Amino acid sequence: MGSAAAAAFFLVVAVNLACSSVSGTVVSGKRSFSIDYKNNCFLKDGKPFQYISGSIHYSRIPQYYWKDRLLKMYMTGLNAVQVYVPWNFHEAVQGVHNFTGDRDLEHFLDLANQTGLLVILRPGPYICAEWEMGGLPAWLLQKPNIILRSADTDYLQAVNNWLAVLLSKMKRWLYVNGGNIITVQVENEYGSYFSCDYNYMRHLQTLFRFFLGEDAVLFTTDGNTDREMTCGTLQGLYATVDFGTDTNITEAFNRQRRFEPRGPLVNSEFYTGWLDHWGDQHAVVDTQKVSRVLGEMLTMGANVNMYMFEGGTNFGYWNGADHDTRFRSVVTSYDYDAPLTEAGDPTEKLLAIRDVISQFREVPSGPLPPATPKFAYGFVTMKKVGNISDLLSTLSPLGPVKSKYPLTFEEMKQYYGYMLYRTMLPRDLSEPTPLISPLNGVHDRAYVSINGVFQGLLERDTALVMKVTGQQGDTVDILVENMGRVNFGSKINDYKGLLSNLILGKDILTDWKIYPLDIDGAIASGWPHSNSQKSVRSPQRNPPPGPTFYMATLQTNSLTWDTFLKLNEWTKGQVWINGVNLGRYWPARGPQQTLYIPGPLLSATQPNNITVLELEGAPAHLRVLFMDRPQLNITAGKS
């Protein structure tokens, strides 16, 4: 640190530590939380307050484990948690709201309150979070020209309806109303979005004030650049910044000061780790760097939220994706190299953070809650159920929609998972003939079969052509996988399915039968295990390539401990345990090799139903392995 930087650093420290000498007065019995612009700090009940917080996403952790994770965060020395609310998690179908079970946000807030943790709420409506479409519901895309995250009329109407439901529920949880929510973020890193629409931000500000009242502390969070802070901030919303371990802290907080000359220093996302995409090296952030930078920020009197403190899991289809030069899907594990692992276990990083925090505030005495027990249940051999093309009466009970040209997932009102497009070869193809997606219209992967025989695949941005042979009238089945919608940047209007025509040689393929697939509904109802006598076929020596279902059961011998499923030599697909969608596996691309299975999903007394949809090719041994530890860091190359 040079002398000028050192002088700036100590100036900021001096200004912010002045806060600690303030003595506030409180009206007896009245709770308050506010910003002290004179002394550059928050005031809680009239007294200077500095939060040390960690991000935790209730949508990525089974409800059964919420209390365990919150207690571990509290015992680390945190006095607050930061929470995103994913709109699409609660309103997957327009107008139908779900706040039960794993979606019971108020129960989560109550548990945090019981644990002694304040809450920094981030209700969006957009959240990013490496979550499918940044938390926005895909049904918004039924309006083909909608401009998301703007003052677009259709978008604002949907936002108004949602926030009227959500914020009405949240008002009683504000600290000033007896709850534990101290601050509420408006939108999320809006400065990184192209539209820079101040009318949109003003509209949100008005909505938040209407539902939460004038006393609620509203804030924005933006990346550490002038452009992002310019477009993401708005007068009347307290401007905060986010940055990681490789940033010059003084410069970052000086940037916050240019947009917010007085008030507390706040890093709303201090990155303890990072996300993984399929095909990446597993991201790791050095523990010593995290400890050092955290200590420096706390010394300055800054308020810090660590993103993430526990990452959790992108169960089901909830993972997001990025699109910079090409589409890159986020892996199922959201471990994030965070202080608590995906399975909620304390790490060396957590212990180092606890040591740092103990220098600034009293850390609760007593040992940390232990890691949840893990068990290696061993090998299970799967049995083939059938090729997906042969199971359409079960998986698509309403049958196909006929259309001359392909329809998207959104037009079919099936927003997640898989759909099957069927047509016929228009002529004999004696020579291998190119099947092309000339407008890069496969979103995101298409598995192509002719007369039930797998031919290969097309993939968004990377594989736009393949070759096929066959006879006129042969059945062409194209199973299209939605790999998760883009959650960041200008490409969040991410339609799925076949977005444009496929061309075979010189012919445009037409006259499609499009099958929406309710795979999750069928499996949740007990299929394929419930009718296994008629479904399971005699095993073949080599499993056929292409989209195929497999099933088995796991006996746990009275133990229901957490475990990790490894699909060694399987290629790519989806797994369900007892009807619950665990997420995607793709060991052929990596780096994630195991899927986390929370113990509460397992039965101690009944056989546990395992269902696998393998999309490309299963190994001859058909074995899967239940392990007592994860493998998240093996990149196997392209598949």
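Trainee: What is the handedness of the crossing of α9 and α10?
Mentor: In this predicted model, the crossing of helix α9 and helix α10 is right-handed.

Trainee: And at what angle do they pack?
Mentor: Helix α9, which covers residues 287-299, packs against helix α10, residues 348-357, at an angle of about 25°, and their axes are 9 Å apart. Because angles under 35 degrees count as roughly parallel, α9 is described as roughly parallel to α10.

Trainee: Why do you give me both an angle and a distance?
Mentor: Two packed helices are described by the angle between their axes together with the distance between those axes, so both values belong in the description.

Trainee: OK, what about α5 and α6, how do they pack?
Mentor: Helix α5 and helix α6, the latter made of residues 198-212, pack at an angle of about 30°, with 9 Å between their axes, and they are therefore roughly parallel to each other. The crossing in which α5 passes α6 is right-handed.

Trainee: Switching to the inside, how many residues does the largest nonpolar core have?
Mentor: The largest nonpolar core has 139 residues, and those with the most contacts inside it are Leu148, Tyr155, Phe208, Leu517, Ile519 and Phe549. Helix α5, residues 153-170, gives this core its largest share, which is nine residues.

Trainee: Which residues are in the second core?
Mentor: The second core is separate and has 23 residues, including Leu435, Ile450, Met466 and Leu504.

Trainee: Next topic: which residues of α8 are buried?
Mentor: In helix α8, which runs over residues 249-259, the buried residues are Ile249, Thr250, Ala252, Phe253, Arg255, Gln256 and Arg257. Thr250 also takes part in a cap at the N-terminal end of α8, where a side-chain oxygen of Asn248 lies 3.1 Å from the backbone nitrogen of Thr250.

Trainee: Is Glu130 buried or exposed?
Mentor: Glu130 is buried, since its relative accessible area is 10%. Asn578 also has a positive phi without being a glycine, at about 50°, but Asn578 counts as partly exposed because its relative accessibility is 30%. Asn578 is placed in the loop between β30 (573-577) and β31 (580-585).

Trainee: What does UniProt place at residues 547-605?
Mentor: An unreviewed UniProt entry places the feature "domain: Beta-galactosidase galactose-binding" at residues 547-605. In the model, that span is 0% helix and 44% strand, and its end C-alpha atoms lie 32 Å apart.

Trainee: Last one, where is Thr423 found?
Mentor: Thr423 is found in strand β17, residues 418-424, and Thr423 counts as buried, at 5% relative accessibility. A polar atom of the Thr423 side chain lies 3.3 Å from the backbone oxygen of Asp511.

Conventions. Residues numbered from 1 in each chain as written. Predicted model: local features only at pLDDT ≥ 70, side-chain atom pairs only at ≥ 80, totals over all residues. Heavy atoms only, no water. Core = buried A, V, L, I, M, F, W, Y, C linked by side-chain atoms within 4.5 Å. Buried < 20%, exposed > 50% of the residue type's maximum accessible area, 1.4 Å probe, protein only. Helix = DSSP H or I, 4+ residues; strand = E, 2+ residues; numbered from the N terminus. UniProt positions renumbered as here; feature names shortened; annotations may be inferred. Polar contact = N/O pair within 3.5 Å; in protein donor to acceptor, adjacent residues only side chain to side chain. Axes fitted to C-alpha atoms, helices over the stretch in contact; angles between N-to-C directions. Parallel < 35°, antiparallel > 145°, perpendicular 65-115°, else oblique. Left-handed = near helix turned anticlockwise from the far one by under 90°.
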